[in-house]
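Good morning, and thank you for joining this group meeting. Please have the structure open as I speak.

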Amino acid sequence: MNKYFKTLKTLNCINIVFLLGLLTTPGNAKIRDLETTRLMSTSGTGIGSILVNEAAFLNPASIYFFQSSNIYYQQGTSSLEKPSAERVEPREDGDSKILVITDTSSILKGAFSYQTQEEADESRTRFTSSASTNMGKNASFGVLYRYTEEDAQKHKVYHQATFGLTYLYNEKLSIGAILVDPFLANKTDALAAIGIQYNVAQNFIFMADAGANFATEPETENLLRAAVQAQFFSDLFLKYGQFKNKITGLEGSSWGLSWIGPRLSLEYALKESKVFKADSQLLENEEIKEHSFALSLVF
């Protein structure tokens, strides 16, 4: 197993160092990015949080502060609710699957993910590889590389990077920042964002993220999301979040429930989004309902 993870770390480094030169490949993704079940339950909030599986999706730096590795599997569905009267053809339900392997056994910690997604008449397959290391006692830096192959109107392949920072200010407050797609492989994905997590009480956490698309019009192409998490007993967590994303034209809320055991964890999330800015796939005032279930095994 240790030999396998050493190989995985080597692949992480190779992906990050040698594939950055490919990041100018043009793209024009329209499919919504997948979120882990935990991120879905908090409406995507979590840039400033200390998370492990989410290092393969959001902020690659946060995984540095973990000491255990795991395997994570997720399955989700999405459906169109309240279709517009202007819609000519029905929209098929969506389906997604995620596999994440994390390794925190050395100074260079990272995660690898495999994602498949089908929604309406579009599909996407994505691989990600991330690595994180320390920048002093309370700070870390991470790099996430993602390879995307999709069929949305036409077949496309593109490469992107995300740079992330995490800083533990004290026992109650952590701060994070990300820079997504700085090489502009797909301008609609470009994002500069910051986030915080604050422990209001021993069993109650507040989180918030804010960001904007730096490659288009930051004053109008921006997002804001916030969430809370309450802990019950020693292993049960309830989360609730709200968001408004002017980049995707969606706003809504979500909630989720997690049971975190010593070795096995189970999570469920429900997210409801309303369209306030129509695009080629969704019409104004239509709603999307997403369900997600995940399990992870620590070893």
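Let me begin with a definition: a salt bridge is a side-chain nitrogen of Lys or Arg within 4 Å of a carboxyl oxygen of Asp or Glu. Lys244 and Glu251 form such a salt bridge, with the closest N and O atoms 3.9 Å apart. On the source of the model, please note that it is predicted, that local features need pLDDT of at least 70, that side-chain atom pairs count only at pLDDT 80 or more, and that totals for chains, interfaces and linings use all residues. Residues are numbered from 1 along each chain as its sequence is written, and side-chain values use heavy atoms, with hydrogens and water left out.

Lys244 is partly exposed, because its relative accessible area is 38%. Glu251 also counts as partly exposed, at 27% relative accessibility.

Now to the chain as a whole. The chain contains two helices and 14 strands; helices (H or I, at least four residues) and strands (E, at least two) are DSSP runs, numbered from the N terminus. Of its 299 residues, 49% count as buried. Contact means heavy atoms within 4.5 Å. Among contacts between residues at least 6 apart in sequence, 54% join residues at least 24 apart. Accessible areas come from the Shrake-Rupley method with a 1.4 Å probe, and for residues only the protein chains shown count as cover. The chain exposes about 14200 Å², of which carbon and sulfur atoms supply 60%.

Which residues have the most contacts inside the largest nonpolar core? They are Phe57, Ile98, Val100, Ile178 and Leu191, in a core of 21 residues. A nonpolar core here is a set of buried Ala, Val, Leu, Ile, Met, Phe, Trp, Tyr and Cys residues joined through side-chain atoms within 4.5 Å. Strand 2 (94–103), strand 7 (173–180) and strand 8 (191–201) are the elements that give two or more residues to this core. A second, separate core has six residues, including Phe243, Leu250, Val275 and Leu282. Returning to Val100, and not counting residues up to four places away in sequence, we find that it touches Asn53, Ala56, Phe57, Asn70, Ile71, Tyr72, Ala111, Phe112 and Ser113.

On the surface there is a nonpolar patch with about 970 Å² of accessible area together; among its residues are Ile71, Trp259, Leu266 and Phe299. Patches are made of residues with over 30% relative accessible area and no salt bridge: like charges are joined within 9 Å, and nonpolar side chains (Val, Leu, Ile, Met, Phe, Trp, Tyr) within 5 Å. Strand 14 gives the most to this patch, with three residues. Leu266 is placed in strand 13 and is partly exposed, with a relative accessible area of 32%.

I return to charge. The structure holds 16 salt bridges. Glu290 pairs with Arg32, their closest N and O atoms being 3.2 Å apart. This pair links distant parts of the chain, with Glu290 in strand 14 and Arg32 in the loop between helix 1 (2–18) and helix 2 (37–41), 258 residues apart. Are these two residues buried or exposed? Both Glu290 and Arg32 are buried.

Gln117 is found in strand 3 (residues 109–119) and counts as buried, at 7% relative accessibility.

Another salt bridge joins Lys289 to Glu272, with the closest N and O atoms 3.7 Å apart. Lys289 lies in strand 14 and Glu272 in strand 13, so the pair ties together parts that are 17 residues apart in sequence.

Finally, the backbone. Most residues other than glycine have a negative phi. Asp181 is not a glycine, yet has a positive phi of about 55°; Asp181 sits in the loop between strand 7 and strand 8 and is buried, with a relative accessible area of 0%. Asn285, likewise not a glycine, has a positive phi of about 75°. Asn285 lies in the loop between strand 13 and strand 14 and is partly exposed, at a relative accessible area of 46%.

Conventions. Buried < 20%, exposed > 50% of the residue type's maximum accessible area, 1.4 Å probe, protein only.
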